[in-house]
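Trainee: Could we go through this structure together, one question at a time? I'd like to see how each answer is reached.

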Amino acid sequence: MAVYQFKREQFFNQSIDVLWEFISSPKNLKTITPDYMGFDIVSKDLPNAMYEGMIINYKVSPVLGIKTTWVTEITHVKNKHYFVDEQRVGPYKIWHHQHFLEETNGGTLMKDIVTYQPPFGILGVLANSIMIKHKLNEIFEYRNTVLNELFGT
């Protein structure tokens, strides 16, 4: 079935060190997720920084307030350059999210590439066109707004 890709870029007048410290901490995920998603980190005693092989458990309510378990693994990390999280359990058939940081023009450019495949075959294709791609855009718009407030563009 169809596999989709969502891309987003955002520039910050902030050093890569400051931005990396924030985005590489799993404890900050809730801050950049809209409240209506019902996002809660279930994992206990999370470290301040992600590492390869790290498993993070969440509860999230993406549709109709129904709580869903989402488990991601941090599969790749290059300090102050990028990290990748991949869904192990959750609402998607495939979820692969790449986060890149690049120093440029006196600040930092952050790039996200999300490659995903909804479940349920043709129903997932319909759900993507009707809801999923719009919801992803909405979630990343929220994240952009919060990060702009914290770090400025």
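Trainee: In which loop is Phe 120 found?

Mentor: This is a predicted model, where local features need pLDDT of at least 70, side-chain atom pairs count only at pLDDT 80 or more, and totals for chains, interfaces and linings use all residues. Residues are numbered from 1 along each chain as its sequence is written, and side-chain values use heavy atoms, leaving out hydrogens and water. Helices (H or I, at least four residues) and strands (E, at least two) are DSSP runs numbered from the N terminus. Phe 120 lies in the loop between strand 7 (107-117) and helix 2 (121-151).

Trainee: Is Phe 120 buried or exposed?

Mentor: Buried means under 20% relative accessible area, exposed over 50%, and partly exposed in between (1.4 Å probe, protein chains only). Phe 120 has 67% relative accessibility, so this residue counts as exposed.

Trainee: And is Gln 117 buried or exposed?

Mentor: Gln 117 belongs to strand 7. Its contacts (heavy atoms within 4.5 Å), not counting residues up to four places away in sequence, are Met 1, Ala 2, Val 3, Tyr 92, Lys 93 and Ile 94. Because its relative accessibility is 7%, Gln 117 counts as buried.

Trainee: What is the phi of Lys 80 near?

Mentor: Lys 80 sits in the loop between strand 4 (68-78) and strand 5 (82-89). With a relative accessible area of 31%, Lys 80 is partly exposed. Its phi is positive in a residue other than glycine, near 65°.

Trainee: What is the phi of Phe 120, about?

Mentor: Phe 120 is not a glycine, yet its phi is positive. The value is about 70°.
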